[in-house]
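Subject: Structure handover

Hello,

Here is the structure for you to look over.

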Amino acid sequence: MENNHDHILILDFGSQVTQLIARRVRESGVYCEIWPFNQADEDRIKAYNPKGIILSGGPCSVTDADSPRAPDCVFTMGVPVLGICYGQQTMTVQLGGIVEKGDHQEFGRAYVDVKEHCTITQGLWEKGAYEQVWMSHGDRVTKIPDGFTVVGTSKGAPYAFIANDEKRFYGVQFHPEVVHTPHGAALIKNFTHAVCGCAGDWTMAAFRAEAIEKIRTQVGDKKVICGLSGGVDSSVTAVLLHEAIGDQLTCIYVDTGLMRAGESDQVVDLFREHYHIPLIHEDAGKLFLGALEKIDDPEIKRKAIGALFIDTFEDVAGRIGGADFLAQGTLYPDVIESVSFTGGPSVTIKSHHNVGGLPERMNMGLVEPLRELFKDEVRALGRELGMPEDFIRRHPFPGPGLAIRIPGVITPEKLAILRKADAIYLEEIANAGLYDTIWQAFAVLLPVKTVGVMGDSRSYEYVCALRAVTSTDGMTADYYPFPHDFLGRTATRIINEVRGINRVVYDITSKPPGTIEWE
C-alpha cells in the first residue's frame with residue numbers, strides 16, 4: 001500500500017481476533033496492515049515506516065522452546081509498541097522480564113483494578129477504578145522489565161496492564177480489540193492518536209480518491225472486465241471502476257440459476273439502467289443445473305460450481321475479446337488468510353467459491369481495488385459512492401448460491417420451493433425491523449420429508465430450516481433469538497404459501513461448533 005497517511009503495523013502471532021485489532025485501528029481513522037510475524041524482517045519494517053507497532057495475541061506459549069518472537073528492531077526503532085496478550089508476554093521476555101505458566105487461567109469477562117495512569121488510559125480509566133475487560137490466557141507475566149510501571153492488575157494477572165511512558169511501550173494481558181472490553185476501542189485510539197501521534201485522516205472519501213487515481217494509473221487506456229456476482233464486494237468494485245475508467249469497463253454477470261428470488265433482475269437493472277455500465281448477462285441456469293444433476297456431496301458440489309463458473313466466465317470473456325485486465329472484489333481478509341502465520345497449510349473447513357482461478361488461465365492483469373478493505377469498509381465505500389442503501393446493506397450471499405442451502409441433490413422443483421420460502425422469511429424479518437440487526441438470514445430446504453395434515457388430508461412434504469445469526473465479521477456467530485411469535489408467524493406463512501413444505505424448524509447452533517451455512 002502506498003499512501004501519504006500515517007500507518008500502524010500489526011504483527012500477527014496467530015490470534016483468531018487479530019483482524020479485530022485492525023478494524024479498531026481503522027475505525028480511529030488510521031490505516032494499518034497485518035503482517036505475519038515471520039514475514040517482518042528489519043528492512044521491511046523500516047521501509048514501511050510505521051508510526052507505531054502492535055503485537056497481537058497468539059496460541060503459543062513464550063515459555064516453550066522456539067516460540068515466536070518479535071523482530072528485535074521493533075524495540076530499538078524508537079516507535080511506540082503495544083503488546084496484546086501474547087504480544088505483551090513476548091515483549092516482556094524480550095526486554096528482560098519473566099513469563100511463567102499460570103496456575104489461574106482467565107477466559108472471558110474479567111476486571112482490572114486500575115493502579116496508575118498512563119497515556120493510553122487518559123480520559124478513560126481513573127486510578128482506583130475497577131474496569132471490565134476480556135481475557136483469554138494461561139501464561140502470565142511475573143516480572144516486568146526495568147522502566148515499566150503497573151497500570152492494572154487482575155485476579156489471574158498481577159501485571160494485566162504495564163506501561164513505560166518514556167519509551168512508549170505498553171503491554172496488556174487482556175484483549176482491547178473485542179467488544180467485551182467496553183473501553184477497548186478507545187484505549188486503542190489513545191495508542192494510535194495520543195501515543196503515536198497519528199492524524200486520523202484515513203477516510204473513505206480519501207480512499208475513494210486515491211483508489212480512482214491508482215486504477216487510472218494501472219489501467220491507462222486499456223479495457224477491463226469485472227466478474228459481477230451481485231454481492232456487495234463485486235458491485236462496489238464495479239461502481240468504483242466505472243467512476244475511474246467509464247466505458248473501458250465491461251461487467252460479466254454469470255447467472256447460475258442458483259440466485260434468490262428476483263435477484264438477477266435486480267442486478268441487471270441496477271447496473272444497466274441505473275449506472276449504465278456495460279453488462280453482459282449470461283443466463284447459464286440450465287448449464288449449471290445439468291452439471292449438478294446427480295451430485296449430493298457438498299464439497300464436490302462447490303467444486304463443480306466453481307469450475308463451471310470459471311469455464312463460463314472465460315467463454316464470455318473470450319467472446320468480448322480485447323480486455324487486458326480482470327477486476328475482482330478481493331478483500332483484505334482474503335489477502336491475510338491466504339498466508340498461514342505458521343507457514344503451513346490452513347485447515348480447509350469448506351472450499352470457498354470466487355473467481356480466483358481466472359487470471360492465470362486468461363493471461364490478464366489483475367485489478368483488485370478493495371484488497372485493502374474489510375467488509376464494513378466496503379459498505380462504507382459503497383455509501384461514499386452513493387450506491388442504494390438497500391443494496392449495500394444486503395446480507396452476505398455465498399458464491400454457490402442456493403445450491404449449498406439444499407443439502408443433497410439439486411432439482412428445479414427444490415430451487416423453486418426454497419426461493420419462495422426464503423423470500424417470505426426475509427420479508428418477515430424486514431417487516432419486523434430486524435434486517436440490519438442480523439448479520440445473515442436464510443432458509444434451508446432439508447433432504448427430509450415428514451408427515452403432516454393439510455386441511456383434512458395427509459401430506460408428506462419437505463422440512464424447511466430457518467437460520468439467522470449475529471456476527472461482526474462472520475468468523476464467529478451466534479444464532480439470533482427471535483421471539484416465538486415471530487417464528488410462529490413466519491412458519492405459518494411458509495407452510496400456507498409454499499407448496500411442498502409442511503414443517504418449519506429453527507437452527508439455534510452457534511459458530512463454532514457449526515458453520516453459518518449448512519454446506
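First, the ground rules. This is a predicted model, in which local features need pLDDT of at least 70 and side-chain atom pairs count only at pLDDT 80 or more, while totals for chains, interfaces and linings use all residues. Residues are numbered from 1 along each chain as its sequence is written, and side-chain values use heavy atoms, with hydrogens and water left out.

**The parallel sheet**

Helices (H or I, at least four residues) and strands (E, at least two) are DSSP runs, numbered from the N terminus. Two strands pair if DSSP finds at least two bridges between them. Five strands form an open sheet in the order E12-E11-E10-E13-E14, and the pairing is parallel. Strand E12 (279–283) and E14 sit at the edges, each pairing on one side only. From one strand to the next, the twist averages 25°.

Strand E10 (residues 224–227) pairs with strand E13 (residues 325–327) in the parallel sense, over three bridges. Cys226 has Ala327 in E13 as its bridge partner.

A helix crosses here too. Helix H9 (residues 298–320) lies across E10, strand E11 (249–255), E12 and E13. H9 runs at about 145° to E11. For such angles, axes are lines fitted to C-alpha atoms, for helices over the stretch in contact, and angles run from 0 to 180 degrees between N-to-C directions. Contact means heavy atoms within 4.5 Å.

Strand E16 (residues 457–470) is mostly covered, with ten of its 14 residues buried. Buried means under 20% relative accessible area, exposed over 50%, and partly exposed in between (1.4 Å probe, protein chains only).

Which strands pair with E16?

- Strand E15 (residues 440–454) pairs with E16 in the antiparallel sense over twelve bridges. Val453 has Arg458 in E16 as its bridge partner.
- Strand E18 (residues 501–506) pairs with E16 in the parallel sense over five bridges.
- Strand E17 (residues 478–479) pairs with E16 in the antiparallel sense over two bridges.

**Nonpolar cores**

A nonpolar core is a set of buried Ala, Val, Leu, Ile, Met, Phe, Trp, Tyr and Cys residues joined through side-chain atoms within 4.5 Å. The largest core has 67 residues. Leu11, Leu55, Val74, Phe271 and Leu381 touch the most other members. Helix H6 (residues 232–245) gives the most to this core, with eight residues.

Leu11 is worth a look in the viewer. Leaving aside residues up to four places away in sequence, Leu11 touches Trp35, Ala40, Ile53, Ile54, Leu55, Ser56, Pro71 and Val74. A second, separate core has 47 residues, including Val316, Ala317, Met364 and Leu418.

**Salt bridges**

A salt bridge is a side-chain nitrogen of Lys or Arg within 4 Å of a carboxyl oxygen of Asp or Glu. The count comes to 24. Three examples follow.

Arg24 bridges to Glu27, with the closest N and O atoms 2.9 Å apart. Both lie in helix H1 (residues 18–27), three residues apart, about one turn of the helix. Arg24 is buried, at 10% relative accessible area.

Lys214 and Glu372 meet at 3.2 Å, N to O. This pair links distant parts of the chain, 158 residues apart. Lys214 is in helix H5 (residues 204–219), and Glu372 is in the loop between strand E14 (365–367) and helix H12 (375–384). Glu372 is buried, at 11% relative accessibility.

Glu497 and Arg493 meet at 2.8 Å, N to O. Both are in helix H15 (residues 484–497), four residues apart, about one turn of the helix. Glu497 is partly exposed, at 44%. Salt bridges with shared partners join Glu427, Glu428, Arg489, Arg493 and Glu497 into one network.

**Cysteines**

How many disulfides does the whole structure hold? The search finds zero. A disulfide here is a pair of cysteine sulfur atoms within 2.5 Å. For Cys226, the nearest cysteine sulfur is that of Cys251, 4.6 Å away. Cys226 is buried, at 1% relative accessible area. Cys464 is also buried, at 0%.

Best wishes
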